[in-house]
Protein chains: 2
Amino acid sequence: MDERTQLPVLGMVGGGQLARMTHQAVIALGQSLRVLAESPQDGAAVVAADVSIGGPADAEALAAFAAGCDVVTFDHEHVPGELIEKLAAAGHVLRPAAAALRYAQDKRAMRRRLGELGLPMPRWRTVDSADDLVEFGVPCVVKTATGGYDGRGVFMVEAVDDVAALLAAGVPLLAEERVPLVRELAVQIARSPAGETAVYPVVETVQQGGICTEVIAPAPDLTPERAREATDMAVRIATELDVVGMLAVELFDTGDRLLVNELAMRPHNSGHWTIDGAVTSQFAQHARAVLDYPLGATTPVAPVVVMANVLGGEPGGPRLDERLQRLLSLDPEMRVHLYGKAVRPGRKIGHVTVTGDDVADLRRRATRAAALLRDGV
Amino acid sequence: MDERTQLPVLGMVGGGQLARMTHQAVIALGQSLRVLAESPQDGAAVVAADVSIGGPADAEALAAFAAGCDVVTFDHEHVPGELIEKLAAAGHVLRPAAAALRYAQDKRAMRRRLGELGLPMPRWRTVDSADDLVEFGVPCVVKTATGGYDGRGVFMVEAVDDVAALLAAGVPLLAEERVPLVRELAVQIARSPAGETAVYPVVETVQQGGICTEVIAPAPDLTPERAREATDMAVRIATELDVVGMLAVELFDTGDRLLVNELAMRPHNSGHWTIDGAVTSQFAQHARAVLDYPLGATTPVAPVVVMANVLGGEPGGPRLDERLQRLLSLDPEMRVHLYGKAVRPGRKIGHVTVTGDDVADLRRRATRAAALLRDGV
């Protein structure tokens, strides 16, 4: 507890854009996020006042960090479960707990658990040898069970032999059927330690090359029944897995049914639209949930909200400052969020959001804005 | 220019809540506000990464600070004009310039200039001796020409003798007629160095004991003609005074006409509603204006937006953390902004904002929320 402000001290392990936007959000709650960043150049480290440097598996750095916080939460899934458990055993409050976070860290554990709950998902199996893939059948999707995010660790496998190199690397793998999709959806839900939940409207996520490029809130043309089905699944997963904080449930929409794709137990790219598009942003909501505060309204502030990710473009061309000015001049209603990162091709360096009522118009404007920041023209 | 982010470095002199909320806003522009704070405990100093310590009249501290910024702007009016001019002469970019800021620093200069422009305002005169007040007539309002804000430096004078103590203190004074008011209004306008302006809807400000307690956007029952009159005045003042950044024009509405009360050349309490209530907040807009970026849309995001200031209450009772939780539980749609200050009776420690379409309901909820944070019940 900060005696001067009479408010608890919230810490986040990881200093990326999620921590950056969480810091931005919690300033309104009278807070200043404590950040454990890997580098002083991390997106959150360059904007927050209270920054320690240390890696996510550095037991000493984590212990020192936790000692200065009332509640510790996470910007990513990279803190080993045993470290989280050790800190919890020492009396520190870490949310979500290791027992929940495990299902966002290990896709095999997640698939097993969802199977026990009878939740719909793609057919899958663990892959410990090429024979497992023969039995499973190709083409299929092979994923590393741990460490993957943003399309990394996901491989489209056409032939059994393709898995040899992955197996040789010694990483635990799983295979999933390649599901014929109509589109991808996502649900954001917050859950407090006491079990209060708050669900955001179901959104559509548009992917290109395994990377999310656009999010449309709410998902267009979603029947109320299908929206209810997605929401119920999110509540069930958050509750059964004892998630505290934000949970993102990524879904495949096959046209006939919804299948659970991935889980993330933190603010997630598919929820960035909430900053400008909902009464309570997912970042403020995550803080409220892990601090055991009452949750905020998840109501959208406009009929349609579209978010587009800004990727770094090829070197050369106008500087980011000039690109930004061009964009602001082109569309005075566009909300821009830059992450303070050095620009590298393909790297997520920010996002843009626009609100209104015409999906096609908003998508056109958001993708135009993102392209302008990426390409400079 | 920050070579890593390819973005300019923006600095703000003063570390109060305006700098705190500016920092929060410019994080989205890829920035981290450089702050020159008087104390490491200032509201902005506890949340920003790049903080120097120095007073607003400390020439050395200001010069060192300006040297690290592409553009310097201000959280308050306390930097002496001659220091600003000296830094500008040395090649630094300070916005607004001393020549404009002077009219927000010195109420005599402001009144004279508005008089030259033929703008409507209360009858006034300088007060250098008690005789001046005899001639002017009492009861009247006596103000210190410099250094007043938030109701400080404003005195209701019933008898000529009452001014003796003020004159003895040696501060320059002016007297203004006590205007019979229907209500007070305010206009926020942004202006860029090239003269682009962007005006927010005219708001009503509710004062108690000289302190703003509530802001209603847009001002209820304002005729389009009167709104146009207020807006035209704001554009004229911003343009004629060569303001760069945000300008707040506080107005008296006498029922028959509008009179200019005060000017502020920075984000202002009467514009806090824009954080949650407009496409572009006044803090983002101020940054865009002083960075010479294109200005953002000033469109409200809801039919009605009500902001209420949170004042510190009497000592005792529940801690701020508990008060905050009570409020969040009571009204999940309320947006809370706490300034990270130690609580002292009467001190502005935050504000709340709520959006919707029923003025009476929103005012009731906002004032209830502010009272709960103040009194704990």
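Leaving aside neighbours within four places in sequence, which residues is A:Leu311 in contact with?

Modeller: A:Leu311 touches A:Gly346, A:Arg347, A:Lys348, A:Ile349 and A:Arg374, once neighbours within four places in sequence are set aside. Contact here means heavy atoms within 4.5 Å. This is a predicted model, in which local features need pLDDT of at least 70 and side-chain atom pairs count only at pLDDT 80 or more, while totals for chains, interfaces and linings use all residues. Residues are numbered from 1 along each chain as its sequence is written, chains are lettered from A and ligands numbered from 1 in the order in which they are written, and side-chain values use heavy atoms, with hydrogens and water left out.

A:Leu311 belongs to strand E15 of chain A, residues 304-311. Helices (H or I, at least four residues) and strands (E, at least two) are DSSP runs, numbered from the N terminus. One of the contacts of A:Leu311 is A:Arg374. A:Leu311 and A:Arg374 are separated by 63 residues in sequence, yet their C-alpha atoms lie 5.7 Å apart.

Now the backbone details elsewhere. In chain A, the peptide bond between A:Val138 and A:Pro139 is cis, with omega about -5°. A:Pro139 sits in the loop between helix H6 (130-136) and strand E6 (140-144) of chain A. Chain B has a cis bond from B:Ala217 to B:Pro218, omega near -10°. That proline, B:Pro218, is in the loop between strand E12 (211-217) and helix H8 (224-240) of chain B. A:Asp242 has phi near 55°, a positive value in a residue other than glycine. Its place is the loop between helix H8 (224-240) and strand E13 (245-253) of chain A.

Next, the interface. 53 residues of chain A are in contact with 52 residues of chain B. The size of an interface is often given as the accessible area lost when the parts come together. Chain A and chain B bury about 4,400 Å² between them, with 53% of it on carbon and sulfur atoms. Buried area is the accessible area (1.4 Å probe) that two parts lose on being put together, summed over both. Two salt bridges are found across this interface. A salt bridge needs a side-chain nitrogen of Lys or Arg within 4 Å of a carboxyl oxygen of Asp or Glu. A:Glu3 makes one with B:Arg319; their closest N and O atoms are 3.6 Å apart. Helix H1 (17-26), helix H11 (320-330) and strand E16 (335-338) of chain A each give at least two residues to the side of chain A that touches chain B. H11(A) supplies the largest share of that side, six residues. By type, the side of chain A that touches chain B holds 27 nonpolar, 15 polar and 11 charged residues. Ala, Val, Leu, Ile, Met, Phe, Trp, Tyr, Cys and Pro count as nonpolar, Asp, Glu, Lys and Arg as charged, and the others, Gly among them, as polar.

Chain B also has sheets to look at. One is an open, parallel sheet of four strands in the order E3-E2-E1-E4 (chain B). Strand E3 (50-53) and strand E4 (71-74) of chain B are at the edges with a single partner strand each, so one side of each lacks a neighbour in the sheet. Neighbouring strands of this sheet are turned by 25° on average, direction ignored. Strands pair if DSSP finds at least two bridges between them. Strand E1 (residues 10-13) of chain B and E4(B) pair in the parallel sense over four bridges. There, B:Met12 stands opposite B:Thr73 in E4(B). Helix H2 (residues 59-67) of chain B packs on the sheet and touches E1, strand E2 (34-37), E3 and E4 of chain B. The direction of H2 makes about 175° with that of E2(B). Axes are lines fitted to C-alpha atoms, for helices over the stretch in contact, and angles run from 0 to 180 degrees between N-to-C directions.
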